[in-house]
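Hi everyone, thanks for making time today. Let me put it on the screen.

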Amino acid sequence: MSIGATVRRIALLAGLIVLAVQAFAQATGTRSRAYGALTSRLRGSAAETLPDKCGLPAIASALHSRAMLGAPARAALGILQTREEHQATLITQDGRFKFHFDTTGTDAPALVDSSGNRIEGTARGFVDSAAAIIMNVYQTEVVALGYPAPPTDGTLGGGPEYDIYISDLGDLYGLTMPDVFEAEGDISTTFIEIHNDFTFVSPKKNRGIPALKVTLAHEFHHAIQIGAYGFWPTDSWFHEITSVWMEDVVYHGINDYLNYLFVNGSQFSYPGTPLTVANGLIEYSRGIFGKFMTKRYGHDMMRQVWEHARGSSPLPALDAALRALPSPTTLSVAFAEWTLWNYYTGPRADTAAYYVESAIFPVMAETYYDLISPSQQTSSTLSCLAGAYTGYVAGTDTVTVALANVNSACPAEAQTAAAYTLTVSRSRIDDTYRSIPDNLFLKLDVADQSSWVAWSIGREGPVAGTAREGTAYPNPFRPDAGAVLYLPTNDDAGSLAIYSSGMELVYSGRQQSQTRLRQRVFTWDGRTNGGRTAPTGVYVFVLSLSGRTVTGKFALVRH
């Protein structure tokens, strides 16, 4: 829907919700309770005691399923969609933003003292600080980093400025509300609502202005995402990953996101939760995915993902952005590497190779087994884009297997867990076992080897177990734009030939092996010697290496 159409629908929406809003307001009286009615649907009884960093996941869930909402939840959503009237306004010096606030009453903002308590009568000081902060946020996110500014909302809020409302939101930092939502990927004008003092924030040093800074940086990027690229309610996990990452880019050192790394329910306590989950908690601990993406692939990587998200949901956009790099890769490869990065934290930190701040991150949850018998076998399941960490104690040494299900083709709302069996042995029983540190051997039994990566980590560092010679991944191979087929090898150079099932030569060439997931591979982009994309079918590959030949099969599927 166009922005013009969006604005024209506001009056109609207001008329439809006003009665429900009034009824709910009489029953509750506060916007914080309205938000509470929505967030209980998202987090339920498993909610942690941490404050809600952002209201967007609960709002996204409600908007996505609004046809099935009960009357109280519909009324609560209506409350939050309404732009409240306040006692005063302030337009920033650059003319881009208008703050709406009260000077008296429970919604009046206030600065805090050194103990983190409200200083009454400082509403204007709070708003002046917020005005200076949002102008700095704009300069960083739009001018310096190149993101587009959110669209104007016409006369909503009383003028063309971007509107920011200040209220008592309970234990909620802030929220960004689309003015209209009809379908996944729509763009919309928005407004931001922020807390009026942040006295609930921990640690105490982050109360007041520090929390105000990260909240404005966080929510303004939501305004950019929804207004310029698209709103994906079923993929609010990526909206939150991006905004948590961005708040630390703009105000590095406040480190509010650390609260969400250490809580039970974070990425470090539940790595087996799929990347695509948003439950009002775990997605905030995954802001570190943005840190991984930008250190590993370049400072502009997250913006490139959002550029691909114009009309494409976040998972395909991530994959497309990675395939468009000068050295193309895939989301599956990136997720496997991220699984490894998350192991090297706390006392294991390697700030040169992995996260710069990894020394202050928690240690990854890990299940340990004593390797007393000749072998140890572990069977379980793991969802798409999820990880599991298992430690095997052999005498005084421990070898960790960091397992990743790198299948990125699972629908976000239909996660299925795939079965796996890990066997660690003191001897190589057959050729399906590979050598891992401390003279041990590992076998991974799964239905599709190309969808799994098993890192083995010992004293000498990590070794990837993606696939052995004679295999190809991904299999089936879909030669979309930028897609690459990987053929593992133990040699530095050799010749690759691809044949059709009828043994007609399709491609041949001499290659130097490349390194992917710390494993040497040959690659093929799916094109014939004549430069055309090969047709769907089963293919045979032949690797002519130093003194030996390796063969194997794979399927190619064209869309």
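Let's begin with the largest nonpolar core, which has 115 residues, and in which F220 and M293 touch the most other members. By nonpolar core I mean a set of buried Ala, Val, Leu, Ile, Met, Phe, Trp, Tyr and Cys residues joined through side-chain atoms within 4.5 Å. Helix 7 gives the most to this core, with eleven residues. Helices here are DSSP runs of H or I with at least four residues, strands are runs of E with at least two, and both are numbered from the N terminus. As general background, nonpolar side chains tend to be buried together in soluble globular proteins.

Two quick notes on the source: this is a predicted model, where local features need pLDDT of at least 70 and side-chain atom pairs count only at pLDDT 80 or more, while totals for chains, interfaces and linings use all residues. Residues are numbered from 1 along each chain as its sequence is written, and side-chain values use heavy atoms, with hydrogens and water left out.

Back to F220. Which residues does F220 touch, not counting residues up to four places away in sequence? They are F97, I134, V137, Y138, E141, V142, P150 and I192, with contact meaning heavy atoms within 4.5 Å. F220 is buried, with a relative accessible area of 1%; buried is under 20% relative accessible area, exposed is over 50%, and partly exposed is in between, using a 1.4 Å probe and protein chains only.

Now for the rings. The whole structure has 34 aromatic pairs. Rings of Phe, Tyr and Trp (its six-membered ring) pair if their centres lie within 6.5 Å; planes under 30 degrees apart are stacked, over 60 edge-to-face, and the rest tilted. One of the pairs is Y162 with F220, edge-to-face at 6.4 Å centre to centre and 85° between the planes. Y162 sits in strand 5 (residues 162-167) and F220 in helix 7 (residues 209-229), so this pair links parts of the chain 58 residues apart. Y162 is buried as well, with a relative accessible area of 8%.

Another pair is Y257 and F361: their ring centres are 6.3 Å apart and their planes are at 85°, so this pair is also edge-to-face. Y257 lies in the loop between helix 8 (236-250) and helix 9 (258-262), and F361 in the loop between helix 14 (331-341) and strand 8 (367-370), so the pair ties together parts 104 residues apart in sequence. Y257 and F361 are both buried.

Rings can also have a charge over them: NZ of Lys or CZ of Arg within 6 Å of the ring centre and within 35 degrees of the ring normal. K53 lies over the face of Y173, at 4.7 Å from the ring centre, and R348 lies over the face of Y343, at 3.9 Å.

Five strands form an open sheet in the order 1-2-5-7-6, with mixed pairing; strands pair if DSSP finds at least two bridges between them. Strand 1 (88-91) and strand 6 (174-178) are the edge strands, each pairing on one side only. Strand 5 and strand 7 run parallel and are joined by four bridges, and I164 has I192 as its bridge partner in strand 7. Helix 7 packs on this sheet, touching strand 2 (97-101), strand 5, strand 6 and strand 7, and its direction makes about 15° with that of strand 6. Helix 5 (residues 71-81) lies across strand 6 and strand 7, at about 95° to strand 6. For these angles, axes are lines fitted to C-alpha atoms, for helices over the stretch in contact, and angles run from 0 to 180 degrees between N-to-C directions.

Further along, strand 22 (residues 537-545) and strand 23 (residues 548-556) run antiparallel, joined by nine bridges. They form a hairpin with two residues between them, and G547 in the turn has a positive phi of about 75°.

Finally, some backbone details. Most residues other than glycine have a negative phi, and most peptide bonds are trans. Here, a cis peptide bond joins S202 and P203, with omega about -5°. N255 has a positive phi near 60°, and so does N439. Which of the two is buried, and which is exposed? N255 counts as buried at 17% relative accessibility, whereas N439 counts as exposed at 67%.
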